[in-house]
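Have a look at it before reading on.

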Amino acid sequence: MSSKIEIYDNLLGAEAKAALSQVIARALEKATEGTPTYSLNSEDEKKIQRKFVPTLTGTPLDKIGCRLVVSGLVSWTANVPKIHHHNAAHNALLYYSDVAWEPQWYGGTIWIESKAYVDMLVPRIVKLSPYVPGRLVLFPAEMLHSILPTVDDAPKNRTTLTLFFDKEK
């Protein structure tokens with residue numbers, strides 16, 4: 001996969017959405033207030049590997065590989081500062097899972113150029129993906145990226161499922 005960011009809307013079928021929704025609901029039940037991420041357990045990972053990954057066959061996401069290698073994270077944020085992060089050696093797949101999210105609440109993702117530490121103070125934005133329900137975003141996880149904050153009066157936190165896959169298929 002090249003070093004580009006690929007955005008797909010309305011790509012998932014009902015079966016894939018149902019599998020991911022079950023994992024996300026279980027993770028949110030286990031999450032505690034104030035904890036920004038929840039690492040998925042092996043049962044969740046197996047369900048994703050068995051029920052979700054096969055649904056990618058024949059889609060543009062078929063190329064990501066078939067081996068989930070790092071626990072996905074369900075993250076939810078409410079008005080947090082930008083946190084620039086990356087995860088080398090994997091492809092990342094973001095799934096904006098909240099079907100009732102409104103655009104005016106913000107909470108998308110940005111990718112930034114990472115030349116020097118000083119650039120992080122005023123980052124150069126390479127790409128912006130607004131939070132669009134059901135959207136999938138595929139990118140090399142070593143790309144520096146950041147969660148955008150939500151507005152103060154958003155009635156709920158945003159949820160995103162992040163999965164990391166081997167770069168080699």
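In which sense do strand 1 and strand 8 pair, and over how many bridges? Strand 1 (residues 6-8) pairs with strand 8 in the antiparallel sense, over three bridges. Helices (H or I, at least four residues) and strands (E, at least two) are DSSP runs, numbered from the N terminus, and two strands pair if DSSP finds at least two bridges between them.

Before we go on, please note that this is a predicted model: local features need pLDDT of at least 70, side-chain atom pairs count only at pLDDT 80 or more, and totals for chains, interfaces and linings use all residues. Residues are numbered from 1 along each chain as its sequence is written, and side-chain values use heavy atoms, leaving out hydrogens and water.

Strand 8 also runs antiparallel to strand 5 (residues 90-96), joined to it by five bridges. Here are two residues and their partners in strand 8:

| Residue | Partner in strand 8 |
|---|---|
| A92 | F139 |

Five of the five residues of strand 8 (residues 136-140) are buried, so this strand is largely enclosed by the rest of the structure. Buried means under 20% relative accessible area, exposed over 50%, and partly exposed in between (1.4 Å probe, protein chains only). L136, L138 and P140 cover one side, while V137 and F139 lie on the other.

Now find T109, which sits in strand 6 (residues 109-112). T109 is buried, with a relative accessible area of 2%. Its side chain makes a polar contact with the side chain of Y96 at 2.8 Å; such a contact is a pair of N or O atoms within 3.5 Å, where, within protein, one must be able to donate a hydrogen and the other to accept it, and residues adjacent in sequence count only if both atoms are side-chain atoms.
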